[in-house]
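My entries follow in the order in which I made them.

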Amino acid sequence: MRRIYIETYGCQMNVSDSELMLGVLGREGYVRTDDPVEADVLLVNTCAVRDHAEQRVLGRMGELKRYKRPGDVLGVVGCMAQRLGPKLLERVPQVDLVIGPDGYRGLPELIARAREGERAADVAFQGWEHYEDVPPVRDNPISAFVTVQRGCDYRCTFCVVPMTRGPERSRKLADVAGEVGRLAETGTTEVTLLGQTVNSYHDGEHDFADLLRAVGAVDGIRRLRFTSPYPTDFTPRVLDAMATTPAVCEYVHLPVQSGSSRTLRRMLRRYDRERYVDVVAALRAAVPGVALSTDIIVGFPGETEADFQETLSLVEQVAFDDAYTFKYSVREGTPAVRIKDHVPEELKTARIGRLIELVRRIARRKNIGLVGTTHEVLVEGPAKRGALLQARTRTNKIALLEGPAAWIGTYRRVRLTGTTGSTFTAWPIEELAACPSPT
Ligand code: SF4
């Protein structure tokens, strides 16, 4: 039996792509191993969004090559592979193959060639590729990522994704609904639809509103999530579908990147601060109680203290439940490299510290306000530490509770009894039926 070890970095799309690669190689008789020592094929699925992520992968390659026995194959796949292509073969002599996100169905062939001693890179874009015939191999039976769109047609000036994932294309609605139907038949009750700008989904006939309704109508699907939407793609139709599809959870990750309209313009985001705030208001009107998180970049070239203050004030104004904060990282080939007015590293570090402090303070204030309220949770598994179980509310809050392992995969009503500021402790009140319409 041949064994494959995959290490995945970056976003949920990469997690989903690793499941696809396991599907491609599963058809060739490979099984997954979590131990690189026993693997015949070692793959690192990479992210290219920040330089730090790439440096980490290069460091990791240095470690993984130690596990490579004669005849084993070491490969780099994903966005960094796409960005660097054959240069990676030159840079890391132990690497046998390099494959970008559109080339995964060629894995068996490149592995076979590597065994013959040939090192190769495949980083061609395939604008039609959806891997429709490849059944992903997932290890979470309860909750599944389902990719509905690949690539991106937006051109945010800081972002390398259009260069690594190619043009945007959407799967056919019937194919997505079919896949979700098969997942539901085997016990999956929660799905997260993935796309780079997922709410711009359009398969030529159906838009994202149609998709939400179709997936939400699949028998057995109790929770429907999606990530990441683009703020201005929340059309009235999409908002209405969210409001009227019971499975759609009350949580949206809504990347803003900056609170300064001047910076947003230079980032080539397609909204200004006011428009973003309008989208937040529309979401809150359509989905009462919706929790919001965001992505924010600090230190974009030319960002002044006044621009940064605008970001802080937007965070206050919207009162996000959470925010993923990043220091701007120059990405070769992106339009922003031409903006020369770079923010010094120490200033970026100071700003991100101030931002994180504010984000945590707001999240803590909101979470303290939730203590004592009751929620439906999905019990996901053992907590990372201790003997408790980890569960998640529809609003994406993590709650830890006592209970038997048999509760994993079930829905329960709980009362939130305390908070660390970010996560909660909870008291179980009652079990909820396996999968009725969500309450
Ligand atoms: S919308 Fe902008 S930030 Fe998001 S993937 Fe596309 S180019 Fe990158």
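**Ground rules.** I am working with a predicted model, in which local features need pLDDT of at least 70 and side-chain atom pairs count only at pLDDT 80 or more, whereas totals for chains, interfaces and linings use all residues. I number residues from 1 along each chain as its sequence is written.

**Domains.** I looked up the domain assignment, whose bounds come from an automatic or database source, and it gives domain 1 (2-122), domain 2 (143-366) and domain 3 (371-431). For domain 2 and domain 3 I noted that the C-alpha centres lie 26 Å apart. Between these two, 11 residues of domain 2 are in contact with seven residues of domain 3, contact being C-beta atoms, placed from the backbone, within 7 Å. On the domain 2 side, helix 13 (residues 345-370) gives the largest share, three residues. By class, I wrote down four nonpolar, one polar and six charged residues for that side; here Ala, Val, Leu, Ile, Met, Phe, Trp, Tyr, Cys and Pro count as nonpolar, Asp, Glu, Lys and Arg as charged, and the others, Gly among them, as polar.

I take helices (H or I, at least four residues) and strands (E, at least two) as DSSP runs numbered from the N terminus, and I call two strands paired if DSSP finds at least two bridges between them. Strand 1 (residues 2-8) runs parallel to strand 2 (residues 30-32), with three bridges, and isoleucine 4 stands opposite arginine 32 there. Strand 1 also pairs in the parallel sense with strand 3 (residues 41-46), over five bridges, where threonine 8 has asparagine 45 as its bridge partner. Together with helix 1 (residues 12-26), strands 1 and 2 make a right-handed β-α-β unit; right-handed means that, with the strands pointing away from the viewer, the path from the first strand over the helix to the second runs clockwise.

Is strand 10 enclosed or open? Four of the five residues of strand 10 (residues 190-194) are buried, so the strand is largely enclosed by the rest of the structure. I use buried for 20 or more other C-beta atoms within 10 Å of a residue's own, exposed for 12 or fewer, and partly exposed for values in between, with C-beta atoms placed from the backbone. Strand 10 is joined to strand 7 (residues 143-147) by five bridges, the two running parallel, and phenylalanine 145 stands opposite threonine 192. Strand 10 pairs with strand 11 (residues 223-227) as well, again parallel and over five bridges, and there threonine 192 has arginine 225 as its bridge partner. From strand 10 the chain passes through helix 8 (residues 208-216) to strand 11 in a right-handed β-α-β crossover.

I then checked helix 8 itself and found seven of its nine residues buried, among them Phe208, Leu211, Leu212 and Arg213. The cover over these buried residues includes helix 7 (173-185), strand 10, strand 11 and helix 9 (236-244).

**Ligand shell.** Which residues are around the ligand? With a C-beta cut-off of within 6 Å, the atom being placed from the backbone, I listed Cys152, Tyr154, Arg155, Cys156, Cys159, Val161, Pro162, Gln196, Thr197 and Tyr230. This shell divides into seven nonpolar, two polar and one charged residue.

**Helix 11.** Valine 280 is in helix 11 and is buried, with 23 other C-beta atoms within 10 Å. Leaving out residues up to four places away in sequence, valine 280 touches Leu292 and Val318.

Most residues other than glycine have a negative phi, and most peptide bonds are trans. I noted a cis peptide bond from threonine 227 to serine 228, with omega near -10°; serine 228 sits in the loop between strand 11 and helix 9. Leucine 268 has a positive phi, near 60°, and lies in the loop between helix 10 (261-266) and helix 11. Alanine 319 has a positive phi, near 55°, and belongs to the loop between helix 12 (305-318) and strand 14 (322-327); with 12 C-beta neighbours inside 10 Å, alanine 319 counts as exposed.
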